[in-house]
Amino acid sequence: MKYLNLPVLMLFCVLSTYGQEPANVEMKSMDDTATEQPKHQLRSYVNKEGKYFVQPELPIYLYISTKPTAQNAHQLKSEDDQEYSNPMYLDGHGKHFIRHRDLHRPVKNQEVTYEVYADARAPISRLKLKNAPRYVKKNTVYYGKGLQAINDSKDEMSGIQNNYMKIDSSAYRVQNNAYNITTEGAHKITTYAVDNVGNTGKTIEREFVVDLTAPISDMVYTGPEVTVQSERVTSPKGKYKLSASDSITGVKHIEFGVSQGSLQSTKRRNFRMKDYAEGNHDFFYRSEDMVKNVEEIKKQSFFLDKTGPEIEVLVEGDQFHHDEITYVSERSKVALKATDNKAGVQSVFFSIDDKVSFFNYTESFPITKNTQIHHYGIDKVENKGKLELHESLLYLDSKAPDAKHEFIGRKFLSRDTMFIRQSTKVQLLGLEDESGLQKIDYKLDEKMETTYDRPFTVDTVGIHHVSYKTYDNVNNSSASEFFFFVDDDAPEIIHHFGAKPLGEKKIGTDVIEIHSEHSKLYLAATDGVVGTDKLFYSINGGKEKEYTKAIVGFEKGKTHNVDIRAVDYLGNSNYKQITFAIIE
């Protein structure tokens, strides 16, 4: 403590500093163009408690007055030490006293003291960078979002008047509260403090980098793929590669999950499609840098197709399936129809009879021999379907059925003409030993063509024409025709005796001839178409006999009935009875 002894009674005393600024003045702004540190004037300062602070380099002048104000105060001058009293200077930093000894009043220690604080020590600055993540790499300090800079300066006596701060190349400015740093990049902050009597503290600097940008992550797919109705379709041969980059602090970690709620930090970078089930998938991911900048969640959506195409063997044209054999004709073609569950069909391959030589299917092809077909398909994401054997043998039936006809019943061939009866059935046949007979279409005379289903008869007597075509089950066909004659007329029976009748007699209403016992009966028959085959006769209801020669030996004196039957070569029969008498 320093003391200034005043041996005289002072009614009022005023301390003054030459050239000082008014007390309690705080500078809030500066010229923005002043990039250099400004100069700060030394001064005195009176705080809220009335304490007087002065920078000890400033001169001190004493004034005295009998009034409570400084108006008309008288400046004191020392009679003994004029050289050092006007002005006088306080002796260094600390608390000083102006003292008056009072022996007549109950003053403590019989002395009245006036305190004066000499502040010669500059404030100490402490720059704080706070409220943001911090990361150090290779002696470089990085900060993230929310960074604030504040000079948390301290002064041991008169207190802080102002903190000054400049960012990068900007001018110094008063910055007594936190400064928000919102610009990304490298920064340099310079700051210092000035106390209330103009002491200027040391300048401190801090260099750092602000990183406000989140990393950029990506999932890149490599492998077969196709887009189907705006949807990405991937292959089990492909993979997704997860990566992230950050241009400032670097990537701290990448998070991955199959749903937004399942995101977790992962070191995995390759995601093979073969490790996942077929179907729709979502990959969610994001990255974070070293100062906690986190990017928005990203998503990759795709359908994983692991199923190859299915192949259906189709026969175009003639075909017939029976007992695991598909019969085809020379006109038939084989088509391969491929379907795929998602990606679509890329190509189809087939082999004939072996599993060695495969051909790329482009269009339907004919069958030239009995064939077994192996096949498989590949879809647009390179899924290969199963190698399969077509379920049935493709049997080439190139032979038409043999056309044939028969007559069931009485028939008679004369020269090149077939004669039949009305009751004789006409049967049409197709002989086929491969795919089998499908149908026979025929036409009788000028009638409409119809499909044969059973043997038929023809009632109309006369010549007839049948044209018909046989089809097998793969539509191979052969045509044929034939003629026949329907004859349903029986032979006409003729008889006569070897001698003229001797007379006649009447029996009832009938008149019969009378012949001698030596008369011979001759029989004959004529047929207008096929001819008479045989004649038969019986006498008086006796046993029928075949006529071969003249009939003799009739009993005399009786009336005789001879029944005659004539049969032609078709079995058409005619009957006739003759009655006559033999004389006694």
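The legends below describe close-up views of a predicted model.

**View 1. Salt bridge between Asp 152 and Arg 126.** The side chains of Asp 152 and Arg 126 form a salt bridge, with 2.6 Å from N to O. The two residues come from distant parts of the chain, 26 residues apart. Asp 152 sits in the loop between strand 12 (148-151) and strand 13 (160-167), and Arg 126 in the loop between strand 8 (111-118) and strand 9 (127-130). Arg 126 is partly exposed, at a relative accessible area of 44%. A network of salt bridges links Arg 126, Lys 128, Asp 152 and Lys 154. In total, the structure holds 23 salt bridges.

**View 2. Salt bridge between Glu 382 and Lys 237.** A salt bridge joins the side chains of Glu 382 and Lys 237 at 3.3 Å, N to O. Glu 382 is in the loop between strand 34 (373-379) and strand 35, and Lys 237 is in the loop between strand 20 and strand 21 (239-245), so the pair ties together parts that are 145 residues apart in sequence. Glu 382 counts as partly exposed at 41% relative accessibility, whereas Lys 237 counts as exposed at 57%.

**View 3. Salt bridge between Glu 544 and Arg 565.** The side chains of Glu 544 and Arg 565 meet in a salt bridge of 2.9 Å, N to O. Because Glu 544 lies in the loop between strand 49 (532-539) and strand 50 (545-546) and Arg 565 lies in strand 51 (residues 559-568), the pair ties together parts 21 residues apart in sequence. Glu 544 is partly exposed, with 37% relative accessibility. Arg 565 has a relative accessible area of 18% and is therefore buried, the cut-off being under 20%.

View 4. Two antiparallel bridges pair strand 31 (residues 345-352) with strand 32. Phe 350 has Phe 359 of strand 32 as its bridge partner.

View 5. Strand 10 (residues 134-137) pairs with strand 11 (residues 140-143) in the antiparallel sense over four bridges. Val 136 is opposite Val 141 in strand 11. The hairpin of strand 10 and strand 11 has two residues between the strands, and Lys 138 in this hairpin takes a positive phi near 50 degrees. Strand 11 also pairs with strand 17 (residues 204-210), in the parallel sense and over two bridges. Here Tyr 143 is opposite Val 210 in strand 17.

**View 6. The loop between strand 5 and strand 6.** Ser 65 lies in this loop, between strand 5 (60-64) and strand 6 (74-75). With a relative accessibility of 7%, Ser 65 is buried. A polar atom of the Ser 65 side chain is 3.1 Å from the backbone nitrogen of Lys 67. Asn 72 is in the loop between strand 5 and strand 6 as well. Asn 72 is exposed, at a relative accessible area of 72%. Its phi is near 65 degrees, a positive value in a residue other than glycine.

**View 7. Surroundings of Val 458.** Val 458 is located in the loop between strand 42 (450-451) and strand 43 (462-472). The residue is buried, with 5% relative accessible area. Apart from residues up to four places away in sequence, Val 458 touches Gln 422, Leu 444, His 464, Phe 484 and Val 486. Phe 485 is 27 residues from Val 458 along the chain, and their C-alpha atoms are 9.6 Å apart.

**View 8. Surroundings of Asn 476.** Asn 476 occupies the loop between strand 43 and strand 44 (477-486). Its relative accessibility of 6% counts as buried. Beyond its neighbours within four places in sequence, Asn 476 has contacts that include Ser 329, Arg 331, Asp 397, Lys 399, Pro 401 and Tyr 471.

**View 9. Cis peptide bond at Pro 87.** Asn 86 and Pro 87 are joined by a cis peptide bond, with omega about 0 degrees. Pro 87 is placed in the loop between helix 1 (82-85) and strand 7 (94-101).

How values were computed:
Residues are numbered from 1 along each chain as its sequence is written. This is a predicted model: local features need pLDDT of at least 70, side-chain atom pairs count only at pLDDT 80 or more; totals for chains, interfaces and linings use all residues. Side-chain values use heavy atoms; hydrogens and water are left out. Buried means under 20% relative accessible area, exposed over 50%, partly exposed in between (1.4 Å probe, protein chains only). A polar contact is a pair of N or O atoms within 3.5 Å; within protein, one must be able to donate a hydrogen and the other to accept it, and residues adjacent in sequence count only if both atoms are side-chain atoms. Contact means heavy atoms within 4.5 Å. Two strands pair if DSSP finds at least two bridges between them. A salt bridge is a side-chain nitrogen of Lys or Arg within 4 Å of a carboxyl oxygen of Asp or Glu.
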